Amino acid sequence: MISKERPTVLIVDDEKSNLRILSDILREDVSVILAKDGRQAIAKARQMKPDLMLLDVVMPGMDGFSVISELKRLPETSSIPVIFVSALSDVDSEANGLRLGACDYIHKPFHADIVKARVQLHLKLLQQRSMLERLSNIDPLTSVANRRKFDESLKVTWEQSQEQKFPFALVMIDVDYFKQYNDTFGHAAGDAVLEKVAAAIESCIDPEDDLVARYGGEEFVLVLTKKDEECTQRLTKACWNAVKELNIPHLREDSIEHITVSMGGVYCSPDSTSEPLEALGEADQLLYKAKQNGRNCILWGVGQNSSTNNPLCV
């Protein structure tokens with residue numbers, strides 16, 4: 001996704017002269033990153049997330065076809081467009097590159113105007129695709145991520161957690177007595193509540209590391225990464241407080257004066273046998289327990305199979 005003022009292009013070639021020439025051609029329009037071999041290219045792609053890659057085919061150690069295969073396998077690099085720039089001009093090599101997922105193939109010796117035109121074309125296509133993806137991943141009512149985006153994010157986070165051995169938290173959130181609120185004030189007022197609740201929760205999280213999504217109806221879900229348990233509990237309590245501090249009147253007869261939320265959270269340390277749906281089910285069970293316990297609270301699971309243990313109330 002192009003989110004920067006200047007797009008970033010990673011150029012990969014084992015010949016210094018080619019790196020220099022391609023850099024000089026593109027540097028006026030984009031930020032350039034250089035890599036001299038396949039392994040370095042994969043490492044920089046994972047770390048720096050370029051918008052586009054120019055990739056040589058014939059390189060020592062790991063050729064360009066192996067590089068693109070690895071990039072497409074990894075969730076965090078699979079969507080990076082790759083243009084092959086190669087001296088292999090036979091039909092089989094070009095067809096193989098395109099089959100492996102390249103978006104274009106430029107033959108060496110290349111012409112500067114052709115390189116610039118192809119790069120500009122694919123950056124424009126990427127920008128258009130990114131815009132469509134953003135729209136397709138946003139809940140139209142609350143403007144936070146939708147269920148589709150959450151499912152994708154959970155899958156990627158789960159796989160990264162397995163590979164890199166870092167835990168993360170999954171939190172289910174439900175607006176308390178929302179049906180009764182709709183029945184009392186009407187669906188338009190209920191929609192306004194969901195908008196305000198989503199904005200309050202979103203204001204508390206780090207958009208670089210965390211995700212809030214509308215799971216369905218009056219339910220939201222959080223994916224929280226790069227935080228220890230203490231920080232995670234502090235953040236979820238901040239979300240809970242932010243909703244409470246909206247002071248949205250509810251006017252129920254049983255002394256429920258304002259809109260509140262209940263939460264159920266689990267800490268996930270995925271292994272090769274666990275599945276995302278299991279963790280989601282545990283968080284959902286804890287949310288159910290929070291609502292049984294009187295609502296307007298946060299329950300955390302303790303240890304593995306957290307829903308079967310005594311929950312921790314925060």
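User: How many residues does helix 6 have, and what does it reach from its first C-alpha to its last?
Analyst: In this predicted model, helix 6 covers residues 147–164, which is 18 residues, and it reaches 25 Å from its first C-alpha to its last, close to the 26 Å expected at 1.5 Å a residue. The expected span is 1.5 Å times one less than the number of residues, and helices (H or I, at least four residues) and strands (E, at least two) are DSSP runs numbered from the N terminus.

User: Before we go on, what should I know about the numbering and the model?
Analyst: Residues are numbered from 1 along each chain as its sequence is written, and side-chain values use heavy atoms, with hydrogens and water left out. As this is a predicted model, local features need pLDDT of at least 70 and side-chain atom pairs count only at pLDDT 80 or more, while totals for chains, interfaces and linings use all residues.

User: Ok, which residues of helix 6 are buried?
Analyst: Phe 150, Ser 153, Leu 154, Thr 157, Trp 158 and Ser 161 are buried in helix 6, where buried means under 20% relative accessible area, exposed means over 50%, and partly exposed lies in between (1.4 Å probe, protein chains only). They cover an arc of only 135 degrees around the axis, so they sit on the same side of helix 6; the arc is that of the directions from the helix axis to the C-beta atoms.

User: Why do residues three or four places apart point the same way?
Analyst: An α-helix has 3.6 residues a turn, so residues at that spacing point the same way.

User: And what do the buried residues of helix 6 pack against?
Analyst: They pack against strand 6, strand 7 (211–216), strand 8, strand 9 and helix 10 (276–292).

User: What happens at the start of helix 6, and just after it?
Analyst: At the start of helix 6, a side-chain oxygen of Asn 146 comes to within 3.3 Å of the backbone nitrogen of Arg 148. Just after helix 6, Lys 165 takes a positive phi of about 60 degrees.

User: Where else is there a positive phi in a residue that is not a glycine?
Analyst: Ser 143 has a positive phi of about 70 degrees although it is not a glycine, and Ser 143 lies in the loop between helix 5 and helix 6. Lys 49, in the loop between helix 2 and strand 3, has a phi near 50 degrees, which is also positive. For background, most residues other than glycine have a negative phi, and most peptide bonds are trans.

User: Which residues does a cis peptide bond join?
Analyst: A cis peptide bond joins Lys 108 and Pro 109, with omega about -5 degrees, and Pro 109 is placed in the loop between strand 5 (104–107) and helix 5.

User: Changing topic: which residues have the most contacts inside the largest nonpolar core?
Analyst: Val 197 and Leu 222 have the most contacts inside this core, which has 29 residues. A nonpolar core is a set of buried Ala, Val, Leu, Ile, Met, Phe, Trp, Tyr and Cys residues joined through side-chain atoms within 4.5 Å.

User: Which element gives the most to this core?
Analyst: Helix 8 gives the most, with six residues, and the elements that give two or more residues include helix 8 (187–202), strand 8 (219–225) and helix 9 (229–244).

User: What is Val 197 in contact with?
Analyst: Leaving aside its neighbours within four places in sequence, Val 197 is in contact with Val 175, Phe 220, Val 243, Leu 246, Ile 259 and Val 261, where contact means heavy atoms within 4.5 Å.

User: Back to helices: which residues of helix 1 are buried and which are exposed on the face turned away?
Analyst: In helix 1 (residues 16–26), Asn 18, Leu 19, Leu 22, Ser 23, Ile 25 and Leu 26 are buried. Seen down the axis of helix 1, its buried residues fall within an arc of 160 degrees, so they line one face of the helix. The face of helix 1 turned away from its buried side carries the exposed residues Lys 16, Arg 20 and Asp 24.

User: What covers the buried residues of helix 1?
Analyst: The cover includes strand 1 (8–12), strand 2 (31–35), strand 3 (52–55) and helix 5 (112–136).

User: Last one: how many disulfides does the count come to?
Analyst: The count comes to zero disulfides, a disulfide being a pair of cysteine sulfur atoms within 2.5 Å. Cys 204 is in no disulfide, and the nearest cysteine sulfur, that of Cys 239, is 4.4 Å away.

Note on methods:
Polar contact = N/O pair within 3.5 Å; in protein donor to acceptor, adjacent residues only side chain to side chain.
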